[in-house]
Amino acid sequence: MANYTTQVNTIHKKFTDALKKAKTKQAINKAYSAHRKDHERLLKSHLAEEMRQIKKAKAKLD
C-alpha cells in the first residue's frame, strides 16, 4: 500500500494548481469535481486495503 498521506498531498497540490489557473466559475467547478472524484477513488482503495488487513488479522486469530 502506497503512503496514503503522500497521495492525498499530491491530489491537493493538483487541485490547488488547477484553482490558480482557473479563469472562470466553470473551470473552478470542474477542478473541484475532478478533485472530489480523485479523493473518493483514493479513499475507496485505502479503506479496501485496511479491510484486507483486518480480515488477515482476524484469520490469524482463528
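**Helix packing and salt bridges in the predicted model**

Lys-14 is exposed, with a relative accessible area of 52%. Here exposed denotes over 50% relative accessible area, buried under 20%, and partly exposed the range in between, computed with a 1.4 Å probe on protein chains only. The structure is a predicted model, in which local features need pLDDT of at least 70 and side-chain atom pairs count only at pLDDT 80 or more, while totals for chains, interfaces and linings use all residues. Residues are numbered from 1 along each chain as its sequence is written, and side-chain values use heavy atoms, with hydrogens and water left out.

The protein chain contains two helices and zero strands; these elements are DSSP runs numbered from the N terminus, with helices (H or I) of at least four residues and strands (E) of at least two. For a compact globule of 62 residues, the radius of gyration would be near 11 Å, whereas the protein chain has 17 Å. This radius is taken over C-alpha atoms, and the globule rule is 2.2 Å times the number of residues to the power 0.38. Along the principal axes, the C-alpha atoms of the protein chain fill a box of roughly 60 × 20 × 10 Å. Of the 62 residues in the protein chain, 15% are buried.

Helix α1 (residues 4-21) has 18 residues, which at 1.5 Å a residue should span 26 Å; this agrees with the 26 Å between its end C-alpha atoms. The expected span is defined as 1.5 Å times one less than the number of residues in the helix. At the N-terminal end, α1 is capped by Asn-3, a side-chain oxygen of which lies 3.1 Å from the backbone nitrogen of Thr-5. A polar contact is a pair of N or O atoms within 3.5 Å; within protein, one atom must be able to donate a hydrogen and the other to accept it, and residues adjacent in sequence count only if both atoms are side-chain atoms.

Val-8, Ile-11 and Phe-15 are the buried residues reported in α1. They cover an arc of only 65 degrees around the axis, and therefore lie on the same side of α1; the arc is that of the directions from the helix axis to the C-beta atoms. The buried residues of α1 pack against α2. On the face of α1 turned away from its buried side are the exposed residues Thr-10, Lys-13, Lys-14, Lys-20 and Lys-21. Lys-21 counts as exposed because its relative accessibility is 66%. Between the C-alpha atoms of Lys-21 and Ala-31, ten residues apart along the chain, the separation is 9.8 Å.

For α2, the 37 residues should span 54 Å at 1.5 Å a residue, in agreement with the 54 Å between the end C-alpha atoms. Ala-31, His-35, Asp-38, Leu-42 and His-46 are buried in α2, and their cover includes α1. His-35, located in helix α2 (residues 25-61), counts as buried because its relative accessibility is 8%. With neighbours within four places in sequence left aside, His-35 is in contact (heavy atoms within 4.5 Å) with Ile-11, His-12 and Phe-15. Elsewhere in helix α2, Ala-57 is partly exposed, with a relative accessible area of 41%. The C-alpha atom of Ala-57 is 42 Å from that of Leu-19, a residue 38 positions apart along the chain.

Side chains of opposite charge can pair when their charged atoms come close. Five salt bridges are present in the structure, a salt bridge being a side-chain nitrogen of Lys or Arg within 4 Å of a carboxyl oxygen of Asp or Glu. One of them joins the side chains of Asp-38 and Lys-14, at 3.3 Å from N to O. This pair links distant parts of the chain, with Asp-38 in helix α2 and Lys-14 in helix α1, 24 residues apart. Asp-38 counts as buried because its relative accessibility is 15%.

A salt bridge at 3.1 Å, N to O, connects the side chains of Arg-36 and Glu-40. Both residues lie in helix α2, four residues apart, or about one turn of the helix. Arg-36 is partly exposed at 46% relative accessibility, and Glu-40 is partly exposed at 44%. The side chains of Arg-52 and Glu-49 also form a salt bridge, at 2.8 Å from N to O; Arg-52 and Glu-49 both belong to helix α2 and are three residues apart, about one turn of the helix.
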